[in-house]
Amino acid sequence: MFLESNTGEGADHEVPVSIRPCCEADRVSVMELIEPYVQQRKILRRTFEELEELLTNSFVAEMGGKVVGFVALEVYSAKLAEIRSLVVSIHCQGRGIGRRLVAACVERAREKAVFEVMAITSSEEFFRSCGFDYTLPGEKKAFFLQTRTDH
Ligand SMILES: CC(C)(COP(=O)(O)OP(=O)(O)OC[C@H]1O[C@@H](n2cnc3c(N)ncnc32)[C@H](O)[C@@H]1OP(=O)(O)O)[C@@H](O)C(=O)NCCC(=O)NCCS
């Protein structure tokens, strides 16, 4: 489902965007893509090693041979996985790429029979549009407590 191409409106929007698993050869492009959002403190900085650990469950959006989006699904257990390092190039935002990257992660979680997928984010409306919500069924809520302040 999420591997199909997508077209939008306008000249640039006619270039198809494909969502595919991330591979080692993408690491430099991904680091470059992430960097501005790290500077803006929207996502955490990643080392090459951390990126490599996330590779098995990561996806890129590719347009005209260029990486324009990235997301990783970090699987903690059979119960829980987290959407990490979601970014879409500023020039390509607002055309459904972010949503397709999240859908790829949710699909991967389903394949691996992971029960819940979470996201810690300030992009609240975006995640709502992807079907996420603050509460869990049965009026349960997720609570967090930080053991350190250096992150
Ligand atoms: C958040 C982000 C990944 C969204 O990517 P995107 O490709 O622009 O999102 P999409 O085009 O798939 O948008 C899907 C929906 O979310 C909405 N949306 C996207 N970004 C939004 C925002 N910042 N505020 C409100 N709504 C937003 C879109 O309007 C769209 O809804 P619609 O289909 O009803 O119009 C992108 O804005 C980004 O890279 N932001 C900087 C990094 C970041 O904050 N990452 C999240 C860390 S968890």
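Me: Which residues are closest to the ligand, and how many surround it?

Reply: In this predicted model, 19 residues surround the ligand. The closest are Q93, G98, R99, T121 and E125.

Me: How does the shell divide into nonpolar, polar and charged residues?

Reply: Eight are nonpolar, seven polar and four charged.

Me: Now the fold. What pattern does the protein follow along the sequence?

Reply: The pattern is β-α-α-β-β-β-α-β-α-β-β. That comes to four helices and seven strands. The radius of gyration is 16 Å, close to the 15 Å from the globule rule for 151 residues, so the protein is as compact as a globular protein of that length. Buried residues make up 28% of the 151.

Me: How do I read the buried side of a helix?

Reply: Start with the general idea. An α-helix has 3.6 residues a turn, so residues three or four places apart point the same way. Now the case here. The buried residues of α1 are V30, L33 and I34. Their cover includes α2 (48–54), β2 (58–63), β3 (66–75) and β4 (80–88).

Me: Where does α1 bend?

Reply: First compare its span with the expected one. Helix α1 (residues 27–39) has 13 residues and reaches 18 Å between its first and last C-alpha, close to the 18 Å expected. The bend is at L33, by about 25 degrees. A proline, P36, follows within four residues.

Terms used. Residues are numbered from 1 along each chain as its sequence is written. This is a predicted model: local features need pLDDT of at least 70, side-chain atom pairs count only at pLDDT 80 or more; totals for chains, interfaces and linings use all residues. Helices (H or I, at least four residues) and strands (E, at least two) are DSSP runs, numbered from the N terminus. The expected span of a helix is 1.5 Å times one less than its number of residues. The bend at a residue is the angle between axes fitted to the seven residues ending there and the seven starting there. A residue is buried if 20 or more other C-beta atoms lie within 10 Å of its own, exposed if 12 or fewer, and partly exposed in between; C-beta atoms are placed from the backbone. Two residues are in contact if their C-beta atoms, placed from the backbone, lie within 7 Å. A residue is near a molecule or strand if its C-beta atom, placed from the backbone, lies within 6 Å of it. Ala, Val, Leu, Ile, Met, Phe, Trp, Tyr, Cys and Pro count as nonpolar, Asp, Glu, Lys and Arg as charged, and the others, Gly among them, as polar. The radius of gyration is taken over C-alpha atoms; the globule rule is 2.2 Å times the number of residues to the power 0.38.
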